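Please keep the sequence and the 3D view open while reading.

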Amino acid sequence: MRLRESFWITALALTACGPGAGQRPILTKSEAVYDFSHAAYWTPPELLAGPLQGEFSCEGPCAKTTPAVKPPPGLKDLRTTSAQKGDADVSTLVWRGTIPSGISSIALPMVTGPETSRTRIVAKCGAVTRTLMPKDAWGYRRLTFKQPGASCELEIRAIDDGPGWGQWIAIGTPEMLR
Amino acid sequence: MYPLALTALNAGSVMFALFALSTAAAHYLKLSDWKALAAGMVGLGVAGYAYFWVMFFDTGIAPWVQMIFLGACIILALFAVLRRSASDMALIVPCLGVFAGAVGLMGWSVLLAGPDDSVANIFWFAGSRWTSPLPGDNEIPFHFGLQLREAQITSPMYVDWLSSDRPPLQTGMYLLLNLGRESREAYQGSSTALQMLSMGGIWVLARAMGTSRLWSILSMTALWFTPLVFVNGLFVWPKLLAAAFVAIAAAIHFATPRKERRSVMDGLIAGGAAALAMLSHGATAFALVGFAVAALVTLRLFSWRYIAAAVAAVVVLYAPWQAYQNLYDPPGNRLMKWHVAGAEAIDDRSMTEALVDSYSKLTPATWAKGRMDNIDRIMNPQLWAVQDFAAGRLNATKFRDQMFYSVPLGIGLFALALWGLPGFAISGATRALSIATIGALLGWAVLLLGAGQAVTHQGSYFPQIAVIAMSARLFSGNAILSKIGFVLFGAHVLLIGFIHALA
């Protein structure tokens, strides 16, 4: 077999049998609801299976409570960019931790103020980066970064660039999913 | 202006990749201009389809694959520019046609929009700019792309549609060729450019029949100035994309003389184009069934090598999608059951059960009447709408609604060519294609079960492209016909332009 032919056959085989082939389950409505306006998946809280290991840091002012919007029951550890100056505060919330090897999907609790235009969340795990569009009510955003089999370092950055009214963002500790 | 800028960016990407692949085909495979463009379009479609599978299997490597593809296109295009050969340069025109078609359509739609036509919601704009609001089918490939990128596909994926109900080609091509940040506007721009590959399709068809370069360009322009393209170029359910690939299959098989030999490469291009058309939109099947019958009638079976290559291309490209439909997100037969078995409501019946149920309720007489109603629906000029519009009883939007549904009104003055379709069989240059087009129309009228439901968007869009291409071939034949053609072309452009300049 010539080298060129071997290359194509190998490439085809890798595509068909490569990482993740045949392992991706399809999501049913009971696992996540796809929200067309936000192009996002929201997971019901009853599927949560415990927080991921990791910790928060803040690049700028931040607080641990969101008085304006009541967090969902069971969400204990959260950060918000609405601190001493309220909506006028501008900062970035960072959560760093690990997705263990047996887990492929997680849920990130998130909310923004009523003015969402200058807030965004960037989540990075290994080579995969996702930019998320938050919404102005608490929800558990479902994310899949990898197939089960290897752990990965997860970094979530919730960015609030807006000093104006209603411009704030909050995230909680990401949760594993059943 | 934001959607317009993103359309220009992504139409540039489509044009650039098409130029790179077509010139490579012309140079390395020694293909003629139209066949090189056909090969380039098929190559682009195969690349987009392959990218869909890359995204499905591993989103992590997808950006690298995209970078390698675009890098290869840059190198191929650079080689073409350095070669400066006439065969390469001839391909600039159709590639530019795709770009100009997309930017022109988005520019026309946005810049001439009335105060009620806001681009804030680009999907709504696309579905209501030229007609009364259309349903959300144009969004489906976008959400499929998002879900692929997220590595989370839901079932159902979009309202009550499964991811397997709509073919994946537009999703894959958009994800591969989008140069902007992923957004609704970027998808709209990219997908409008992909629909404009129909400009390439008609150019291929026209050139394959030996149409002059001038009339081949005019055929692209005439197609652009049709209500069919105004609506379906903006409302991007990928039907024009499908029609572009059907035109390529028809060009290879029907547009050149029967005595001309068909090679294995021809078979791969024709079969690949047919498969890609099916991977764009399932309504293509109506045309392909018609082609099969027309091939038998015209004795165009050619060599077994050619047929084997075409069949192999279809199987290799279509089988993975069949596997997705049947194994990953079953059953994926909703559209087929709807169109062929008349089963619009979702149920658990198999395709065969639905067919048996539907046909068992029909008598031969009601079945035959239904076919006649479909033929009437396809060919009926809807003159009442023209009269009402001329008399001011129908406003521009309502008139454009009728142009959207009606096959003859949807191609403007080229409706004359549709009604005169059998006449194209007189000339040897257009005979086989006219028979194939009649086959495509009859296939549609016969297979679409609903009586009198053969409105434009239930069909393959190929016949409309074919009659314009055959008209261009006719007009390029001699000086007198050419003059008649210029008058018809000018009147067509002015009329359709005027109707689409109205608020």
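**The sheet in chain A**

Gly97(A) stands opposite Leu154(A), a residue of strand E11(A). Before going on, note that this is a predicted model, in which local features need pLDDT of at least 70 and side-chain atom pairs count only at pLDDT 80 or more, while totals for chains, interfaces and linings use all residues. Residues are numbered from 1 along each chain as its sequence is written, and chains are lettered from A and ligands numbered from 1 in the order in which they are written.

Helices and strands are DSSP runs numbered from the N terminus; a helix (H or I) has at least four residues and a strand (E) at least two. Strand E11 (residues 152-160) is joined to E6(A) by 9 bridges, and the two run antiparallel. On another pairing of E6 (residues 91-99), 6 bridges join this strand to E4(A), again antiparallel. Within that pairing, Glu55(A) has Arg96(A) in E6(A) as its bridge partner. Two strands count as paired if DSSP finds at least two bridges between them. In general, strands of a sheet pair through backbone hydrogen bonds, either parallel or antiparallel.

These strands belong to an open sheet of 5 strands in chain A, with the order E4-E6-E11-E8-E9 and antiparallel pairing. Which strands form the edges? They are E4 (54-59) and E9 (128-132) of chain A, each of which pairs on one side only. From one strand to the next, the twist averages 15°; the axes behind this angle are lines fitted to C-alpha atoms, for helices over the stretch in contact, and angles run from 0 to 180 degrees between N-to-C directions.

**Chain A as a whole**

Chain A has 1 helix and 13 strands. Read along the sequence, its pattern is α-β-β-β-β-β-β-β-β-β-β-β-β-β. A residue is called buried if 20 or more other C-beta atoms lie within 10 Å of its own, exposed if 12 or fewer do, and partly exposed in between, with C-beta atoms placed from the backbone. By this rule, 34% of the 178 residues of chain A are buried. Two residues are in contact if their C-beta atoms, placed from the backbone, lie within 7 Å. Among the contacts in chain A between residues at least 6 apart in sequence, 76% join residues at least 24 apart.

Ala127(A) sits in the loop between strand E8 (119-125) and E9 of chain A. Is Ala127(A) exposed or partly exposed? With 15 other C-beta atoms within 10 Å, Ala127(A) is partly exposed.

**Chain B**

Chain B has 25 helices and 0 strands. Its radius of gyration is 21 Å, close to the 23 Å that the globule rule gives for 503 residues, so chain B is as compact as a globular protein of that length. The radius is taken over C-alpha atoms, and the globule rule is 2.2 Å times the number of residues to the power 0.38. Along its principal axes, the C-alpha trace of chain B spans about 60 × 55 × 55 Å. Buried residues make up 54% of chain B.

Helix H14 (residues 264-280) of chain B has 17 residues, which at 1.5 Å a residue should span 24 Å; its end C-alpha atoms are 24 Å apart, which agrees. The expected span is 1.5 Å times one less than the number of residues. Of the 17 residues of H14(B), 14 are buried, so this helix is largely enclosed by the rest of the structure.

Between H7 and helix H8 (169-177) lies Pro156(B), and a cis peptide bond with omega of about -5° joins Ser155(B) to Pro156(B). Val159(B) lies in the loop between H7 and H8 too. Although Val159(B) is not a glycine, its phi is positive, about 50°. Val159(B) is exposed, with 12 other C-beta atoms within 10 Å.

**Where the chains meet**
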